[in-house]
Each structure stands twice: as C-alpha cells, then as structure tokens.
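Biologist: I have the sequence and the model open. Please show me how to read them.

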Amino acid sequence: MKLRKPEGEYYLPGEKMSGIRMNICGNCEADIEGCRGIVDYSGECIKLNAGKYILAFRGRGLKMRCMTEYSLIIEGHILAIEYL
Amino acid sequence: MFVVIIFRWICGFFRFELKGRFPERFINICTRRGISIRDLNASDDAITGSCRITDKQAVILAAKKSGCTLDITKEYGLPIFCRKYSSRLGLLAGAVIGAVFCVYMSGYIWNINIVTPDGLSEFEIRKELMENGLTEGVRYDYQDISRTERQVKLCDNRISWISINVFGTNAVVELSARKNVSGVSDENIDSKGKVSNLKAGADGTITRLEVQSGSPVVHAGDGVQKGQLLVSGVLEYTNGGNAFTDSKGKVFAKVRKRISFEIPEKEKKLLTDRSCCKKEAEIFGIRIPLTLTVSGDKTEYCKTRKSRMTLLSQDLPVTVTEEMHYPYEIKEKKLSSETARSMLTKRLKLYELFLSSDPDRKILKRSIDFRHEKGKYILTAELTIEENICEKSYLQTDIKEAEPPEGA
C-alpha cells in the first residue's frame, strides 16, 4: 500500500521496518537513504541491497552523483523501479 | 552550488578510474569505511568517480581489497597547488608583500581633484590646501578633514562653501565662490551706523551715476576734480530737517591716464643656443631622476611642465616633471627700433589687460607715442578710461542711520 505524502515522498511496503526511504524527483533523480550496499552497478541498471529485498533502478545513463555510508543519489533517465 | 565547488577545490579532490570484475564490492567497502564518493559513472569496462584527497590512501586500500585496479587520473585543489609551488617561497613572499603594500598604500591620498567655479584659481586652492596639511602623499587616517575645510575657508574670503570628500585614495574638493551683490562690497557690511560721503578719486567727466543711498550732488556731463564731493551722506528734507546716511553707489566718469614704458637701447641678457632638459618622476611621493643632466647655473631661465599618468580616466600617483633650462649670457646687444617697439607694445597690452579685468573699467580710446632718446626707447600711451571714481569718506559722527522725521 502506498501512502502519498504532500512532498511527493512514498512509503514503500515495510519501509519503516527495513529503514529505507526514497525521494524521487520526476524521473531524473532519486535520493535513497538507508540502503546497505550496491549489488549491481551499470549505466542501465543499478541494484541496491535494501535488507529484505533488492531495489533495482532501470533506465538510461544512470549514475550515482554522491554516495555515503547510508545514502546515495541516483541521477539519469529512470524508466522503472523494481522490487526483487 | 558555486560555494560547494569552491569548498571542494580548497579541500582538494582526485578523479579515479576503476577496472575489475567486482567494482560494486569496491563501492561497498568505501561506503562502509565512511569514504564519500562522488560523480560515479559506469561505462562498459570501467567506473569513474572522484573523492577527497584525504581519502586517497583509504581508496587505494579498498581497491586492493576488492581486487580491482585503481588508476588515479588527476588531482585537483589547493593542497595540490601548494605542493607544486612549495619549493618556491619567493612567490608566496611576493604575494604577501604585494597584499600588504596594497593595503598600506590605500591609506594615503594620492590624488586631489579640485572642482572650482569661475574666478577661483585651482593652483591657489591647491596651495592653500597644502598649507593646511592636505596634499598628495599624506595619510588619510591622520587628517582632520573638517578642520582643513574650516581653515581653508577662513584663510580665503573668496570661498563661501567648501567640501572635501575622500573616496579611496582620491580626495574631491568642491567649493563655491562668494558672490558680491552689485554696489555692496565687503567693506560696507561693517559700516552699519556710520555716515559717509562719496568723493572723486580722480579728475574726469561724469558719464553716469548709480546711487543706492545718499544724495548726489553732480550730474552726468559735469566735470569733477579729485576730492570733489559726488554723493553726500547728508539728506535734507523739505521741512528743513536733516538726516545722515552711509552713501553707497557708483559714479562713472571718463578719466585720462598716462603711462610710459621704457627699455634700454642695449640688451644685456641674451639667450644662448644651448638648452637642456631635466626629467624627474615622482612615484608614491618618492622622487626618481630620469636624466643625469646637471644644471643649476644661476644665469638661466627655467620652464617647468608637470604631467600626471592616467589609467582608464583615473589619475595615478605617478607624476613626471620636465624642466627646460635656457642659459643666457651677459652681453650687450643693440636693440632695433622695431624690436623695441614690439616689446613695449606687448607690455602695454598686458597693462591694458590688467585694467580691463575690473568689470567697472572700460578703455575707450588710446593714443601711443614711441620715441628714442638718451640711450633708451620710450613708449608713452594716453588712455581714456571710463571707470568708477568713487572713494568713500567717513564722517566723524555718532549719529545713527537716517530716519525720516515726521511729516517728511
């Protein structure tokens, strides 16, 4: 179930228990907090370890603008977000 | 964003290229160790990114642990710049000295712009400012500008208002001249309560009168002698009463003046063909000679010209002074009649120019006589001038200013 907050943030299923939060700005930028690492990284697909599942971003020209221990920013042309 | 770029440059960063089978492992190791990676870009066979210069060793270790090959492409930032020029301390010393020099020299006044109205000479104002402590090369902090303004205004009674503003190293002086109302001079301001007559200062024929107070006793066309009463300070009323006033006004008359100029037949000082030029530069108040010409011979004329350098219409504190020295010899040379006449005519014209500077004076006619006698040439001019011939003559009395009696 998705709950939409006024700012455009989305609560993912079980997000509060897994601790991952995501801010998406259109289809160009995604700000992710609480991920545990990168599983796969390429220009067309970025897969993140979210604990109980894998979060995959598919698109074109994807790149990580900034990455720290608990957060990262993905920018590029996002076509799909998958929960694997 | 610009501030972020500047901050990153100050801290320093490097770009790297990572090749290997498991670049994701490298990224995870870096993030777990608190290494911040930016601008990650994945291509077919490599990943590029940038990192802070302080994390360089940690990144190299992470790449080694993950089994990838790390290639540092380029390093950027202030630490790299300083490391590059660390052996050249002179550059740093020069930069520091230059900065200190600019800051210190900015506290001096290097240029004074004077905006004068007509009738006031910029040279005289500049001289008065110098006498009161404001000149090029003085330190602005030690200057009491208000005091200088007051002192200059007190010293020169032609100035009614003066303002000195300092903008950086430029001082702008603006002033306005005191205006005299026609017929009232500064002397008359203090004559309240006094009684005076106007008398003729020279012989002449009256052409017109401009009387403001007093009773005129002459008319246009009358001939007057020096000392004759023109305007009386005693007022007589029809009922027989008298009153006294301070006479004011102008009485214009045609006056004849005779003036002679003479020049000896034999000229003693003769200019030689030799002349020399001496140049000197003044930079921030320090005088530097540009030529090694030796002069100072007493028998020479000197002509000085000063020019200031400008940049983008701003005056710089660099002045070049050029002195032309024309030595002369003490020799006797006989003057020809034409040369002597020409020289004496120039002197006469200068004298007439001086006379004409007074607005109340006008030269109507002149007749010139030139002759040669007793070893000299003499030029005599008879000028007919129309001028104000009034001279004030105060009466010795304590009587107050005129008040008309009742019934007048």
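**Reading the interface and the backbone**

Modeller: Begin with B:Asp39, which sits in strand E2 of chain B. Helices (H or I, at least four residues) and strands (E, at least two) are DSSP runs, numbered from the N terminus. This is a predicted model: local features need pLDDT of at least 70, side-chain atom pairs count only at pLDDT 80 or more, and totals for chains, interfaces and linings use all residues. Residues are numbered from 1 along each chain as its sequence is written, chains are lettered from A and ligands numbered from 1 in the order in which they are written, and side-chain values use heavy atoms, with hydrogens and water left out.

Biologist: What is the phi of B:Asp39?

Modeller: The general idea is this: most residues other than glycine have a negative phi. B:Asp39 has a positive phi, near 50°. B:Asp39 is partly exposed, with a relative accessible area of 34%. Buried means under 20% relative accessible area, exposed over 50%, partly exposed in between (1.4 Å probe, protein chains only).

Biologist: And where is B:Lys374?

Modeller: B:Lys374 lies in the loop between strand E21 (362–373) and strand E22 (376–388) of chain B. Its phi is also positive, near 50°. B:Lys374 is exposed, at 78% relative accessible area.

Biologist: Which strand of chain B does E5(A) join?

Modeller: Two strands pair if DSSP finds at least two bridges between them. E5(A) and strand E2 (residues 37–42) of chain B are joined by four bridges and run antiparallel. Within this pairing, A:Met67 faces B:Ile37 of E2(B).

Biologist: How much area do chain A and chain B bury between them?

Modeller: Buried area is the accessible area (1.4 Å probe) that two parts lose on being put together, summed over both. Here the figure is about 1200 Å², with 52% of it on carbon and sulfur atoms. Strand E3 (38–41) and strand E5 (54–67) of chain A each give two or more residues to the side that touches chain B. E5(A) gives the most, five residues.

Biologist: How many salt bridges cross the interface?

Modeller: A salt bridge is a side-chain nitrogen of Lys or Arg within 4 Å of a carboxyl oxygen of Asp or Glu. By that rule, chain A and chain B share zero.

Biologist: Is helix H2 of chain B enclosed or open?

Modeller: Eight of the 10 residues of H2(B) (residues 23–32) are buried, so the helix is largely enclosed by the rest of the structure. Among the buried ones are B:Phe26, B:Ile27 and B:Cys30. After H2(B) comes B:Gly34, with a positive phi near 80°.
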